[in-house]
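This report covers helix packing, the nonpolar core and a loop in one protein model. Please read it alongside the sequence and coordinates.

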Amino acid sequence: MTFRAGLAESADAALPQSQCTKCGYEGCRPYAEAMAGGQAEINLCPPGGEAVIRKLARILNRPYKPLDPARGSEKPHHVA
């Protein structure tokens with residue numbers, strides 16, 4: 001996989017680190033690496049929702065896309 005490590009780290013830092021796998025990857029870091037390598041869309045993270053997608057668009061210099069409904073929907077954060 002070809003990606004810029006700094007870009008992957010920045011994308012990973014923007015993700016919620018829930019490790020939920022709803023994006024289709026085994027965690028936030030693999031998803032960030034796939035985005036940095038141009039192999040994944042930026043709109044696959046339901047826990048991050050619109051705010052995270054907007055951050056990823058800026059970091060990765062891509063146009064904003066709404067959350068992919070096939071991945072779920074954005075829900076309010078819960079406190080344990």
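In which helix is S10 found? S10 belongs to helix α1, where helices are DSSP runs of H or I with at least four residues, strands are E runs of at least two, and both are numbered from the N terminus. The model is predicted, so local features need pLDDT of at least 70 and side-chain atom pairs count only at pLDDT 80 or more, while totals for chains, interfaces and linings use all residues. Residues are numbered from 1 along each chain as its sequence is written, and side-chain values use heavy atoms, with hydrogens and water left out.

S10 counts as partly exposed because its relative accessibility is 35%; buried means under 20% relative accessible area, exposed over 50%, and partly exposed in between, with a 1.4 Å probe and protein chains only.

**Packing of α1 and α2**

The axes of α1 and α2 come within 8 Å and cross at roughly 130°. Axes are lines fitted to C-alpha atoms, for helices over the stretch in contact, and angles run from 0 to 180 degrees between N-to-C directions. The two helices α1 and α2 are therefore oblique to each other: angles under 35 degrees count as roughly parallel, over 145 as roughly antiparallel, 65 to 115 as roughly perpendicular, and the rest as oblique. Their crossing is right-handed, that is, the near helix is turned clockwise from the far one by less than a right angle. On the α1 side, the contact (heavy atoms within 4.5 Å) is made by A5, L7, A8, E9, A11 and D12, and on the α2 side by C28, R29, A32, E33, M35 and A36.

**The nonpolar core**

A nonpolar core is a set of buried Ala, Val, Leu, Ile, Met, Phe, Trp, Tyr and Cys residues joined through side-chain atoms within 4.5 Å. The largest one here has 22 residues, and L15, Y31, M35, I42, L56 and L60 have the most contacts inside it. Two or more residues come from each of α1 (5-14), α2 (28-36) and α3 (49-60), with α2 giving the largest share, six residues. The buried residues of α2 are C28, Y31, A32, A34, M35 and A36, and they pack against α1 and α3. Beyond its neighbours within four places in sequence, L15 touches C28, Y31, A32, M35, C45, V52 and L56.

**The loop between α1 and α2**

Both Q19 and T21 lie in this loop. Most residues other than glycine have a negative phi.

| Residue | Phi | Relative accessibility |
|---|---|---|
| Q19 | about 55° | Q19: 39%, partly exposed |
| T21 | about 70° | T21: 43%, partly exposed |

Leaving aside neighbours within four places in sequence, Q19 is in contact with G27 and C28. A polar atom of the Q19 side chain lies 2.8 Å from the backbone nitrogen of C28. The side chains of Q19 and Q17 are joined by a polar contact of 3.0 Å; such a contact is a pair of N or O atoms within 3.5 Å, where within protein one must be able to donate a hydrogen and the other to accept it, and residues adjacent in sequence count only if both atoms are side-chain atoms. The C-alpha atoms of Q19 and A32 are separated by 12 Å.

After α2 comes G38, with a positive phi near 75°.
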